[in-house]
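Here are a few exercises to work through with the model open on your screen. Try each task before you read its solution.

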Amino acid sequence: MTDPTVSNKKRTLNRRQILKGVLGIGACMSAFPLTKAQALKRDVDVIVIGAGVAGMAAAQALVQEGYDVLVLEAKGIIGGRLKTDWSLGAPFEVGAGWIHGPVGNPITDLAKSVQAKSFVTDDDSSFVFDHKGGEIEDKIITNKFKDLMRVYKKIDDTFDSDQSLEKAIKRVSPQTLEDPVSRWMLSAYTEFDTGGSIENLSAYYFDEDEAFDGADVVLLDGYDSILEPLADKVDVLLNHPVDNIEYEAGDGVTVHANGEAFEAYAVVCTCPLGVLKSKKVKFSPALPSRIQKKIDRLGMGNVTKAALKFESAFWPIDTQYFGVMTEDKGRWNYFLNYRTFSDENILLGLSVGAYAGKIEQLPEKDIVDDCMMVIRDMFGVDIPEPMDFLVSRWSKDPYSLGAYSYTRVGNKPADFDDFADPVEDTLIFAGEHTTFKHHATVHGAYLSGLRAAEQVMELIE
Ligand SMILES: Cc1cc2nc3c(=O)[nH]c(=O)nc-3n(C[C@H](O)[C@H](O)[C@H](O)COP(=O)(O)OP(=O)(O)OC[C@H]3O[C@@H](n4cnc5c(N)ncnc54)[C@H](O)[C@@H]3O)c2cc1C
């Protein structure tokens with residue numbers, strides 16, 4: 001395009017100019033030019049790749065401002081890592097389960113807008129078992145937790161270069177790694193929070209992100225109910241996995257999905273970090289090395305969930321969580337008791353970090369058998385088999401390839417935040433992995449989507 005209004009680096013285009021440019025004689029934006037008829041049918045102002053929370057938030061904000069937006073989604077449903085499965089009779093949150101820190105959290109507002117009923121999960125209501133089923137006193141848990149916080153503080157005070165969290169602990173307090181209660185906390189708290197294993201987490205930055213206030217809540221009508229206001233009046237093309245994104249300063253983008261080409265002025269790419277790492281989506285030209293390096297460097301963690309439904313409850317129904325100090329770090333060491341907020345007799349087990357990555361290679365039934373072994377350690381060998389189960393395996397999902405991003409040793413906050421700089425004023429990244437402050441969360445994804453929408457609005461009037 002030779003339009004003089006687009007010659008400055010930070011230019012603002014009028015949308016009519018863009019469309020004129022796209023459809024004009026000789027205005028070939030790509031090596032796959034569309035026919036005029038196709039272009040007329042397909043052309044939009046902005047293409048959003050991915051209908052997860054980030055993509056839908058960006059699309060909704062743009063639609064509200066009158067932009068023509070098309071969302072291209074690889075799967076047959078919207079929501080991405082926000083997905084509620086009701087087949088067990090209660091909401092199994094395959095991906096995100098909690099609104100972390102609901103006070104001041106924009107996701108709480110979305111939940112309120114659909115009158116979603118919430119339930120505050122009580123972190124203080126728990127039984128923790130050793131690996132032989134012996135119960136650990138609350139007092140021990142409280143004291144060991146304080147010890148662990150002291151170890152983390154000592155790490156902060158002692159080192160001025162990065163290393164893995166495991167190495168740092170070994171250096172300041174080697175006994176912490178040997179102590180079964182502390183090992184359990186490292187896994188059930190830190191590895192679950194971050195998705196990364198302590199061998200890979202940055203000792204410097206693993207816990208430097210920010211949180212909203214308030215005790216975590218689950219949504220009794222399903223977490224995916226918050227998608228409804230985001231999806232209103234937004235055009236989403238499902239079953240359209242994008243495989244190629246061509247972008248050029250001043251010339252807009254051509255996005256290829258399902259053998260079709262779609263043209264727009266700008267593209268918001270919310271492909272998860274795991275997908276970007278896999279290089280299954282090609283960029284032409286190749287991404288600048290400042291972005292590619294971050295994709296390669298950042299950690300993508302794993303969390304496996306198994307919801308097991310039983311005929312009746314053989315566990316104390318009023319206790320929120322059961323912890324178990326499995327010998328393998330990360331192996332089913334935390335269980336959420338559905339009976340505290342539902343009539344269904346469901347225990348939801350969590351495996352995290354390296355163990356989650358390993359277990360997800362197995363068939364579902366083997367994963368459930370592994371989880372049952374741990375439940376039997378807690379409640380006895382005579383408990384029955386589950387009537388039904390559901391298992392998540394995000395590392396095997398080709399459109400996620402992991403659970404959420406984490407700060408790997410050597411990463412810096414800028415490795416997340418630098419994604420926020422548009423590439424060639426046409427390609428804008430969003431998604432949970434593009435914000436250090438709130439990465440690995442639904443609200444982080446949402447806020448990144450709003451940020452991307454604002455960037456588009458700055459570029460296209
Ligand atoms: C097991 C698990 C537990 C979690 N627990 C919590 C929690 O309790 N609380 C919390 O706040 N957060 C939690 N999270 C994190 C939260 O789910 C994510 O941070 C958030 O949903 C990510 O949103 P996103 O839009 O960035 O990415 P996604 O939701 O992954 O959206 C990306 C979309 O892009 C699509 N896509 C991928 N590749 C392509 C392609 N080539 N072409 C077109 N479309 C494509 C995907 O199908 C997907 O729909 C959890 C995540 C997992 C996996």
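**Exercise 1. Find out which strands pair with β2, and in what sense.**

Step 1. Start with β2 and strand β9 (residues 235-237): they pair in the parallel sense over three bridges. Helices (H or I, at least four residues) and strands (E, at least two) are DSSP runs, numbered from the N terminus, and two strands pair if DSSP finds at least two bridges between them. Before going on, note that this is a predicted model, where local features need pLDDT of at least 70, side-chain atom pairs count only at pLDDT 80 or more, and totals for chains, interfaces and linings use all residues. Residues are numbered from 1 along each chain as its sequence is written, and side-chain values use heavy atoms, with hydrogens and water left out.

Step 2. Pick out a partner: L72 has L237 as its bridge partner in β9.

Step 3. Now look at strand β1 (residues 46-49), which runs parallel to β2 and is joined to it by four bridges. Here V48 bridges to V71 of β2.

Step 4. Follow the chain from β1 to β2: it goes through helix α3 (residues 53-64), and this β-α-β crossover is right-handed. To check the hand yourself, point the strands away from you; right-handed means that the path from the first strand over the helix to the second runs clockwise.

**Exercise 2. Are the side chains of β2 buried or exposed?**

Step 1. In a regular strand the side chains alternate between the two faces of the sheet.

Step 2. Sort strand β2 (residues 69-72) that way: V69 and V71 go on one side, L70 and L72 on the other.

Step 3. Check each one, taking buried as under 20% relative accessible area, exposed as over 50% and partly exposed as in between (1.4 Å probe, protein chains only). All four are buried, so both faces of β2 are covered.

**Exercise 3. Describe how domain 1 meets domain 2.**

Step 1. Get the bounds, which come from an automatic or database domain assignment: domain 1 is 4-79 + 224-299 + 413-459, and domain 2 is 124-214 + 302-403.

Step 2. Their C-alpha centres lie 36 Å apart. The contact (heavy atoms within 4.5 Å) takes 13 residues from domain 1 and eleven residues from domain 2.

Step 3. The buried area is about 1200 Å², with 66% from carbon and sulfur atoms; that is the accessible area (1.4 Å probe) that two parts lose on being put together, summed over both. On the domain 1 side, K75, F436 and K437 supply 35% of the area buried against domain 2, more than any other three residues.

Step 4. Look for salt bridges, each a side-chain nitrogen of Lys or Arg within 4 Å of a carboxyl oxygen of Asp or Glu. There is one across this interface. K75 also turns up in a salt bridge with D397, at 2.5 Å, N to O.
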